[in-house]
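Subject: Structure handover

Hello,

Here is the structure I promised to pass on. Please open it first, then read the notes below it.

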Amino acid sequence: MFDVKAIRDDPSAFDRGWAARGLSPQTPAILEADQRLRAAQTAFQAVQSKRNESSKLIGAAKAKKDETRAAELMAEVEALKGELARQTEEEATAAKALHDLLAAIPNVPADDVPPGADEHGNVETRRWGTPAAIAKPQDHVALGEAMGLMDFEAASRMSGARFVVLKGQLARLERALGQFMLDLQTSTHGYQEVSPPLMVRDQALFGTSQLPKFEEDLFQTKEGFFLIPTAEVSLTNLIREQITSEEELPLRLTALTPCFRSEAGASGRDTRGMIRQHQFTKCELVSITTPEQSAAEHDRMVDCAEEVLKRLELPFRTMLLCTGDMGFSARKTYDLEVWLPSQDTYREISSCSNCGDFQARRMDARIKKAGEKGTRFPHTLNGSGLAVGRTLVAVLENYQDEGGRIAVPEALRPYLGGMTHIGGAQ
């Protein structure tokens, strides 16, 4: 959401930002809706003022025992009640129209985000690690199924496509990855662990911008709850409709949760394996900070996500997303892409975004400095630290040997009782 006054003051700046995301000028429609709302508010206030004035005159007329005038005024007040109701409805309709218009428009990119229409406009900022030379690398599906520990057919029989059953050592490896990520983010990086709800109401998803635009990507229960597509929703909404002391900032929160996505717009994409599933586990990072701290906090969050890949010794590159490839609520986003030998390319494994005050406005979340009267909106940031399933894929493919065994990364061995390999004799 946006500050309408700011749009009113400098509409061209907003249109330039939205144009960078491929949108036509939005401010003419916004300013027209804003004008209708202000006109409705003015009309309401005029009727309300007239009613109040007439009500006072009734008392004065009665005090003078002018019952005829008092009756006329009472009839006028009664008529104004109906007009007031009509004006109230018009104001509410105008307010909703402006709100709905603003809710459907994405965030404005930061000034240093590179222009571009799609992923081809993204800019690589750095690489870490060198991909190992693996002769004829197998993909994670072939590796997992050969071990008898990855079963897509059984998952399909009970749940349909885009699900998997992991067994034995692979199930344990997945669990170890999640615990390793959570321990690293809490013990080393200072994020506070949270165990949040996995089902939320529509207000929470509106606050973090999944609604209304991306409703088709969500799973909803008959009772009206939504399953979270990411713990970003639950963690960020901890501050909704609250005033948080600036002295408490930055708030750094993390959660290891299942996530659920319908992948409605992903038909034909990544249909093989675990890359794009309806249910997956992710270690999420969320920061709540002041506007002055948010850029530095964004860089720190990216570092925290990169550290997971470094400790697992998985080659990756960091990409600054262009204006046409960023998410709806983001002002600036870095993606981490891990090397997958079977695809001979890097694939996204984490996305770290600075949303500015975009989400805070939608949640009516504010911050206040001690000793000052006013409040302002905080900046919210979110990122994956990391997606567990995709990390499992990367470990399987990068640590495979010619016999189909998987070496366990050093960082994970304490979580696996010292196990050094999966799929063969220990």
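Start with helix 12. Its buried residues are Val 388, Gly 389, Arg 390, Thr 391, Leu 392, Val 393, Ala 394, Val 395, Leu 396, Glu 397 and Asn 398. Buried means under 20% relative accessible area, exposed means over 50%, and partly exposed is in between (1.4 Å probe, protein chains only). Helices (H or I, at least four residues) and strands (E, at least two) are DSSP runs, numbered from the N terminus.

A word on the source. This is a predicted model, where local features need pLDDT of at least 70 and side-chain atom pairs count only at pLDDT 80 or more, while totals for chains, interfaces and linings use all residues. Residues are numbered from 1 along each chain as its sequence is written, and side-chain values use heavy atoms, with hydrogens and water left out.

Now the whole chain. The protein chain has 12 helices and 16 strands. Buried residues make up 48% of its 426 residues. The C-alpha atoms fill a box of roughly 105 × 45 × 45 Å, taken along the principal axes. The radius of gyration of the protein chain is 28 Å, whereas a compact globule of 426 residues would have one near 22 Å. That radius is taken over C-alpha atoms, and the globule rule is 2.2 Å times the number of residues to the power 0.38. Contact means heavy atoms within 4.5 Å. Among contacts between residues at least 6 apart in sequence, 72% join residues at least 24 apart.

Next, the cores. A nonpolar core is a set of buried Ala, Val, Leu, Ile, Met, Phe, Trp, Tyr and Cys residues joined through side-chain atoms within 4.5 Å. The largest one has 53 residues, and Leu 170 and Leu 173 have the most contacts inside it. Helix 7 (residues 168-188) gives the largest share of this core, 8 residues. Which residues does Leu 173 contact, leaving aside its neighbours within four places in sequence? They are Leu 392, Val 395, Leu 396, Leu 412, Leu 416 and Ile 422. Apart from this core lies another, of 22 residues, among them Leu 211, Leu 218, Val 233 and Leu 249.

Two peptide bonds deserve a look. The bond from Leu 211 to Pro 212 is cis, with omega near 5°. Pro 212 lies in the loop between helix 8 (202-207) and strand 6 (226-227). The bond from Leu 249 to Pro 250 is also cis, with omega near 0°. Pro 250 sits in the loop between strand 7 (243-245) and strand 8 (251-260).

Two residues have a positive phi although neither is a glycine. Arg 162 has a phi of about 65°. It is found in the loop between helix 6 (152-159) and strand 3 (165-166). Arg 162 is buried, with a relative accessible area of 16%. Ser 209 has a phi of about 85°. Its place is in the loop between helix 8 and strand 6. Ser 209 counts as buried, at 3% relative accessibility.

Last, a charged residue. Is Glu 284 buried or exposed? Glu 284 is buried, with a relative accessible area of 2%. It belongs to strand 9 (residues 279-289). Beyond its neighbours within four places in sequence, its contacts include Thr 230, Glu 232, Leu 253, Asn 382 and Ser 384.

Best wishes
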